[in-house]
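Hi,

Here is the structure I promised to pass along.

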Amino acid sequence: RPRDWSSDVCSSDLRTTEAGTSGTTIGVVGGRWRATVDGRGRVVPDSGAALDWWVAAEDRWHDPRAEATVRQHRVGGTPVVETRLRVPGGDVVHRVYAVADAGGVTVVEISNDSPASVAVVFSRGDLLSARPPADVPIEGIDVPAGSVSFPVGHRASLRVALAHGPASGVVLADLPPPDAVVRGWTRRCEAASRVLLPDAALADRLVARRCDLLLDGPPDPKRNAAATLVGYGELVRMGADAVDLVPDVVTVAERLAKSARTCGLDWAGATGLAAAERVLRAADDLRAARDLAALRNRLGGDGAPTPVEEPEGALGIAWLEQRLARPMSGGRCVLFDEGFPREWLGSNLEVHNLPAGPASSLGFAVRWHGARPAGR
């Protein structure tokens with residue numbers, strides 16, 4: 001049943017962030033340090049001074065906060081943020097990410113893809129670098145006191161770092177490159193499910209939302225209890241200890257069920273309770289899981305149809321997976337419940353480990369032989 005999904009997917013693409021958006025959280029799972037990278041590449045830690053940057057090219061100074069040519073994306077949806085600034089003949093590329101090495105370090109890499117040398121100025125003088133900053137004064141632009149400048153040659157690169165704690169023992173050359181960090185985040189997210197889709201933006205949003213959960217945790221249940229439960233479920237799917245989460249999951253599920261008795265069980269509520277049941281089963285609390293399943297059935301079972309509009313945050317993960325495979329009552333699971341996307345006709349796809357029920361999962365692939373599809 002072909003269907004056009006083009007109007008269903010949010011127009012914002014997490015791989016192509018419009019300059020000026022709220023930003024991306026970076027940090028290390030298990031560590032406390034967090035920062036936000038805004039749509040211009042500015043790094044704003046939860047505590048301490050922000051890290052701004054400017055570029056002196058052969059024509060003039062370029063301030064990312066004011067340039068119309070700034071483009072940004074999260075590499076593969078991960079917290080590796082790449083910001084491109086146009087200069088004559090090419091781009092200066094700013095990449096920022098956090099690693100756990102040496103107690104936690106934020107790495108900033110600058111690549112000069114233009115045909116002429118540039119100078120890059122950073123607003124913090126406490127950056128770690130393999131070579132000292134230039135000893136010439138910074139002229140022609142107003143920058144904070146203590147800012148430092150580094151020359152970057154044609155097709156050359158620069159790496160600096162900001163330590164999350166004491167800076168001893170940090171060797172910049174030994175820190176992982178961005179592609180290795182991307183692979184690590186992707187593997188962590190694919191422990192929950194792995195999707196290879198014709199629309200790469202959908203798959204990137206799946207990774208991005210899981211990375212955000214790993215760094216920020218589930219949303220406040222007072223704002224959205226269903227999203228909180230889905231978030232807990234995703235953390236368990238990515239390796240968190242389900243037993244530790246049971247008390248919180250039960251509390252939030254009870255709050256959601258109480259509201260549903262009055263207002264009815266919509267798609268989000270049914271999805272949240274289903275995620276809670278999976279957490280309870282993962283914790284081997286089968287009695288509580290059965291009680292929750294019975295409660296969910298009394299409140300409406302499968303709930304409302306999958307929304308047409310893609311939700312934000314954790315519910316967006318469930319939305320995508322259910323568009324591919326939707327678990328139903330009675331042990332059924334329906335593939336492409338809302339129809340096969342028209343724009344995917346003729347393109348191969350592959351998915352692994354999608355939820356098919358409270359204690360089961362599935363995977364499938366579609367391969368095309370000319371105009372004829374073959375599934376497995």
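Predicted model: local features only at pLDDT ≥ 70, side-chain atom pairs only at ≥ 80, totals over all residues.

**The nonpolar cores.** The largest nonpolar core has 74 residues, and Leu-197 and Leu-324 touch the most other members. Helix H4 (residues 242-263) gives the largest share of this core, 9 residues. If you click on Leu-324, you will find that its contacts include Leu-197 itself, along with Val-195, Phe-336, Trp-344 and Phe-364. Another core, of 27 residues, lies apart from this one, with Ala-35, Val-81, Val-96 and Leu-158 among its members. As general background, nonpolar side chains tend to be buried together in soluble globular proteins.

**A pocket to look at.** The second largest pocket has a volume of about 600 Å³. Its lining is made up of 33 residues, and those nearest the centre are Ala-274, Ala-275, Arg-278, Pro-327 and Gly-357. H5 supplies the largest share of the lining, 9 residues. Among the other elements that give two or more residues are helix H3 (225-237), helix H7 (313-324) and strand E19 (349-357). By class, the lining counts 16 nonpolar, 8 polar and 9 charged residues.

**Two backbone details.** Which residues other than glycine have a positive phi? Ala-102 is one, with phi near 55°, and Asn-353 is another, at about 65°. Ala-102 sits in the loop between strands E9 (90-99) and E10 (105-112), and is partly exposed at 36% relative accessibility. Asn-353 belongs to strand E19 and is partly exposed, with a relative accessible area of 33%.

Happy browsing!

Notes:
Residues numbered from 1 in each chain as written. Heavy atoms only, no water. Core = buried A, V, L, I, M, F, W, Y, C linked by side-chain atoms within 4.5 Å. Buried < 20%, exposed > 50% of the residue type's maximum accessible area, 1.4 Å probe, protein only. Helix = DSSP H or I, 4+ residues; strand = E, 2+ residues; numbered from the N terminus. Contact = heavy atoms within 4.5 Å. 1 Å grid on protein atoms, 1.4 Å probe; cavity = no way out; pocket = protein on both sides within 12 Å on 5 of 7 lines; lining within 4 Å. Points joined across faces, edges and corners; volume = space filled by probe spheres on them. Nonpolar A, V, L, I, M, F, W, Y, C, P; charged D, E, K, R; others polar. Lists of a residue's contacts leave out its neighbours within four places in sequence.
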